[in-house]
Structure formats: structure tokens, C-alpha cells
Amino acid sequence: MIKSNSPLPLARSEGLIIESLEDEVLVFDLKSQKSHCLNRTAVLIWEHCDGQTNIAQMSRILNKDMDVPISEQAIWLGLKQLAGAHLLQERLKTPANIAMVSRRELIRRIGLTAAVTLPLILTITAPTAKAQASCLERGAACTLNSQCCSGNCRGNGLCA
């Protein structure tokens with residue numbers, strides 16, 4: 001039975017482009033123009049953020065799916081990362097009885113070999129169209145012709 005105060009995380013689905021790869025998922029957020037790469041553990045946590053599965057249930061499901069122990073603290077670490085990447089509908093308040101630990105501390109506790117089972121999300125910000133199209137004006141320091149609006153980076157390292 002799920003306690004009424006037990007968090008039921010809900011994944012965000014609107015405004016996202018999702019591409020599944022072999023062992024990870026790439027998520028592009030159309031609103032923030034950021035790409036997020038989720039490892040297998042982060043993906044499994046995110047997939048179970050259905051608004052019906054609590055953290056204890058997620059831990060049991062992931063233990064079975066991954067065939068390795070995944071602690072509730074690891075689930076909370078993943079949820080914190082998902083919230084930080086704005087991939088959850090709302091941030092969850094960590095219960096007082098759960099001591100949040102860093103990824104580094106969890107690695108110390110479970111060992112380096114098992115560290116690959118920890119959730120990991122890498123985020124990359126896509127440059128704006130303006131930044132992609134910008135060029136350096138005459139007299140600006142350059143290293144390549146393509147950097148200069150004139151298309152000419154002189155030998156002295158300045159745009160013509």
C-alpha cells in the first residue's frame with residue numbers, strides 16, 4: 001500500500017524529442033534548447049516516473065531489471081538530476097528520513113565497479129542560431145578564415 005505522503009514522480013513529456021540509443025537515451029528539450037544524455041539507470045528511473053510508482057517500488061523494479069542492487073538513495077540522486085534537467089513535471093521534496101548524498105559518496109559506499117549502475121545525466125546546451133551565424137569583425141583576433149565576416153584571417157591573427 002502506498003502511503004499518501006510517498007512521492008509519486010511524474011516525467012515531463014511535452015516539448016521533448018526523445019531518441020533511444022543502445023544503452024542510453026538522448027532527450028532534446030525544445031524549450032531550453034538543451035540536450036540531455038541519460039544512462040541506462042537514469043532512463044529506467046525516468047520511465048517509471050509515471051505518477052503511480054513510488055521510490056521504494058522503483059528501487060525494487062530497478063533491482064530486478066538491472067540484476068544489481070539499486071538503493072533508494074541512488075533513485076533520489078537520479079530524481080534530483082532529472083529535476084535539475086527539467087525532465088520531471090515538478091521537483092520532489094526529499095523526505096527528512098532520506099539523507100541525500102552526492103554521487104561521489106555513493107561511489108565510495110558501493111565501490112567503483114558498481115558505480116556504473118548509478119544514474120547519470122549529461123547536459124549540453126545547443127548554441128542559438130544567432131551564435132551559430134555570428135562572425136568576427138575587422139581587426140578581431142582570429143585563427144581561421146571561417147571565423148571572420150570577411151572570410152580572411154590574416155597571418156597576424158586579425159580579421160581583414
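A residue is called buried here when its relative accessible area is under 20%, exposed when that area is over 50%, and partly exposed in between (1.4 Å probe, protein chains only). By that rule Cys148 counts as buried, at 4% relative accessibility.

This is a predicted model, so to speak of local features a pLDDT of at least 70 is needed, side-chain atom pairs count only at pLDDT 80 or more, and totals for chains, interfaces and linings use all residues. Residues are numbered from 1 along each chain as its sequence is written, and side-chain values use heavy atoms, with hydrogens and water left out.

## The sheet and the helix on it

Let's start with the strands. Helices (H or I, at least four residues) and strands (E, at least two) are DSSP runs, numbered from the N terminus. Two strands pair if DSSP finds at least two bridges between them. With that in hand, the model has an open sheet of 4 strands in the order E1-E2-E3-E4, with antiparallel pairing. Strand E1 (16-20) and strand E4 (121-125) are the edges, each pairing on one side only. On average, neighbouring strands of this sheet are turned by 20° against each other, direction ignored. Angles like this run from 0 to 180 degrees between N-to-C directions, and the axes are lines fitted to C-alpha atoms, for helices over the stretch in contact.

Helix H1 (residues 40-47) packs on the sheet and touches E1, strand E2 (24-29), E3 and E4. The direction of H1 makes about 100° with that of E3. Contact, here and below, means heavy atoms within 4.5 Å.

How many bridges join strand E3 to E4? There are 5, and strand E3 (residues 34-39) runs antiparallel to E4. Lys34, for instance, has Thr125 in E4 as its bridge partner. As a reminder, strands of a sheet pair through backbone hydrogen bonds, either parallel or antiparallel.

Helix H3 covers residues 72-84, which makes 13 residues. From first C-alpha to last, H3 reaches 18 Å, close to the 18 Å expected at 1.5 Å a residue; the expected span is 1.5 Å times one less than the number of residues. Just after H3, His86 takes a positive phi of about 60°.

A nonpolar core is a set of buried Ala, Val, Leu, Ile, Met, Phe, Trp, Tyr and Cys residues joined through side-chain atoms within 4.5 Å. The largest such core has 27 residues, and Leu38, Trp46, Leu79 and Leu82 touch the most other members. E2, H1, helix H2 (55-66) and H3 each supply at least two residues of this core. The largest share, 6 residues, comes from H3.

Leaving out residues up to four places away in sequence, Leu82 touches Leu38, Ala42, Ile45, Trp46, Cys49, Leu87, Leu88 and Ile121. Of these, Cys49 is buried, with a relative accessible area of 4%. Another cysteine, Cys37, also counts as buried, at 17% relative accessibility.

## The disulfides

The structure holds 3 disulfides, a disulfide being a pair of cysteine sulfur atoms within 2.5 Å. Counting bonded cysteines along the chain, the pattern is 1-4, 2-5, 3-6.

| Pair | S to S | Torsion about S-S | Handedness |
|---|---|---|---|
| Cys135 and Cys149 | 1.8 Å | 90° | right-handed |
| Cys142 and Cys153 | 2.1 Å | about 100° | right-handed |
| Cys148 and Cys159 | 2.1 Å | about -80° | left-handed |

Cys148 and Cys159 both lie in the segment after H5, so the pair ties together parts that are 11 residues apart in sequence. Cys159 is buried, with a relative accessible area of 4%.

Where do the cysteines of the other pairs stand on accessibility?
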